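Subject: Structure handover

Hello,

Here is the structure I said I would pass on. My notes on what was found in it follow below.

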Amino acid sequence: MKLSTISSFKAGTSIRGFYICKEKSHRNTKNGDSYLDLVLQDKTGRISAKIWDDVSHYDDLFEASEPVAVKGKVEDYNSRTQLVVQQIKRADNKTYQKYGFSLNQLIEKVEEPIDELWISLLSSVKTLKNPYKKLISSILKKYETEIKIIPASINHHHPISGGFLKHITSMVDGALSLLANYKNLNKDLIISGVILHDIGKVKGLKFTTEAEYTDSGKLIGHIALGLEILNESVLNIKIDDELILKLKHIILSHQGSLQNGTPVPPRFPEALFIHLLDTFDGKMDIMQREINNDPNQNWTDKHNHFYRELWKK
């Protein structure tokens, strides 16, 4: 059986394949008829999909976040590609492995090998002086598993497996490049702050077939969780109170403003540096993902994070 990837979908063609059901919603047409509104995804992209017929039957066969086996027809609707689902069912190894199903092949991950990113991060930490090195090393050791797998966000920047680690290493690399022009800044504080600014997400996010919030992520949020992790980590380390205060402020201020959900704005240069670097790396990832996931040829449409057409050069 020939399997179709989402990036190969063309209007007018019939497809068969395996995908992750990212979203599943019950809706009604103007005439009051029920249908299922879906978003399907594989490594190559995502697409809106609809189930118009036998809704109650198919509704019981799968849930959001599960892998699914799909048969359908691709069509154009309002100048956008969508899939009309004709058959769909939860996919598992026992039933579908012989037809080419592999959950690992469906999950979108960062392109770089995780172990290489991890080694790069540890190499940067080795250059730090104590107590920075001792503090950061202890946190990385404790949360290594989570750091290697979770995304950096749910539906924002780096929302894929390994995205958190990729975001941190990109920021560290960017910081090291820029610091040559800002010699008044404390390099060890900045590298430590970059690694810690989102550290609460190791408790606030999880990843199985997709990015999800944990209960703590929903109820407390990653900023408060980050402070919690920092407070726990300094208990057995001899560290100056002023340094702890600066690291706490970086965690609290990294989103830049009250409007962006941060409790306090950056109030010293290293905190501002980390906020700007965080914003830069996130925005660059978002724009590239919007371009990559858009089905049009030369320009994207305006239905994206930036509310404008983006040039697919």
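I start with Pro 265, which is found in the loop between α12 (241–253) and α13. Please keep in mind throughout that this is a predicted model. Pro 265 has a relative accessible area of 32%, so it is partly exposed. Apart from neighbours within four places in sequence, Pro 265 is in contact with His 249, Ser 253 and Gly 256.

Leu 196 can be described in the same terms. Its place is in helix α8, which covers residues 187–196. Is Leu 196 buried or exposed? Its relative accessibility is 1%, and residues under 20% count as buried, so Leu 196 is buried. With neighbours within four places in sequence left aside, the contacts of Leu 196 are Leu 135, Ile 136, Ile 139, Leu 230, Leu 247 and Ile 251. Between Leu 196 and Ile 139 there are 57 residues of separation in sequence and 8.9 Å in space, C-alpha to C-alpha.

Next come the strands. β1 and strand β2 (residues 34–42) pair in the antiparallel sense, with eight bridges. Within this pairing, Ile 20 has Gln 41 in β2 as its bridge partner. The two strands β1 and β2 form a hairpin with five residues between them, and Gly 32 in the turn has a positive phi of about 90°.

β1 also pairs with β4, again in the antiparallel sense, over seven bridges. Here the bridge partner of Ile 15 is Gly 72 in β4. Gly 72 also stands opposite Val 85 in β5. Strand β4 (residues 67–77) and β5 run antiparallel and are joined by ten bridges. The hairpin of β4 and β5 has two residues between the strands, and in it Asn 78 takes a positive phi near 55°.

What is the sense of the pairing between strand β3 (residues 45–51) and strand β5 (residues 80–90)? These two strands pair in the parallel sense, over three bridges. Lys 50 stands opposite Val 84 in β5.

Lys 22 counts as buried because its relative accessibility is 14%. Leaving out neighbours within four places in sequence, Lys 22 is in contact with Val 39, Gln 41, Arg 46, Ala 64, Glu 210 and Ala 211.

On to the aromatic rings. The structure holds seven aromatic pairs. One of them is formed by Phe 18 and Tyr 96, whose rings are edge-to-face, at 5.5 Å centre to centre and with 70° between the planes. Phe 18 lies in strand β1 (residues 14–28) and Tyr 96 in helix α2 (residues 93–96), so this pair ties together parts that are 78 residues apart in sequence. Phe 18 is buried, at a relative accessible area of 6%, and Tyr 96 is buried too, at 15%.

Tyr 182 and Phe 273 have ring centres 6.3 Å apart and planes at 75°, so their pair is edge-to-face. Tyr 182 lies in the loop between α7 (163–178) and α8, while Phe 273 lies in helix α13, so the pair ties together parts that are 91 residues apart in sequence. Tyr 182 counts as partly exposed, at 42% relative accessibility, whereas Phe 273 counts as buried, at 10%. There is also one aromatic cluster formed by Phe 18, Tyr 96, Tyr 99 and Phe 101.

The last item is the second largest pocket, which holds about 520 Å³ of space. Its lining has 23 residues, of which the closest to the pocket centre are His 156, His 157, Lys 201, His 222 and Gln 255. By type, the lining residues are four nonpolar, 15 polar and four charged. Helices α9 (201–204) and α13 (269–293) each supply at least two residues of this lining. Which element gives the most to the lining of the second largest pocket? It is α13, with five residues.

Regards

Key:
Residues are numbered from 1 along each chain as its sequence is written. This is a predicted model: local features need pLDDT of at least 70, side-chain atom pairs count only at pLDDT 80 or more; totals for chains, interfaces and linings use all residues. Side-chain values use heavy atoms; hydrogens and water are left out. Helices (H or I, at least four residues) and strands (E, at least two) are DSSP runs, numbered from the N terminus. Buried means under 20% relative accessible area, exposed over 50%, partly exposed in between (1.4 Å probe, protein chains only). Contact means heavy atoms within 4.5 Å. Two strands pair if DSSP finds at least two bridges between them. On a 1 Å grid over the protein atoms alone, a cavity is a set of points where a 1.4 Å probe fits but cannot get out, and a pocket is an open set with protein on both sides within 12 Å along at least five of seven lines; lining residues have an atom within 4 Å of a point. Grid points are joined across faces, edges and corners, and a volume is the space filled by probe spheres set on the points. Ala, Val, Leu, Ile, Met, Phe, Trp, Tyr, Cys and Pro count as nonpolar, Asp, Glu, Lys and Arg as charged, and the others, Gly among them, as polar. Rings of Phe, Tyr and Trp (its six-membered ring) pair if their centres lie within 6.5 Å; planes under 30 degrees apart count as stacked, over 60 as edge-to-face and the rest as tilted.
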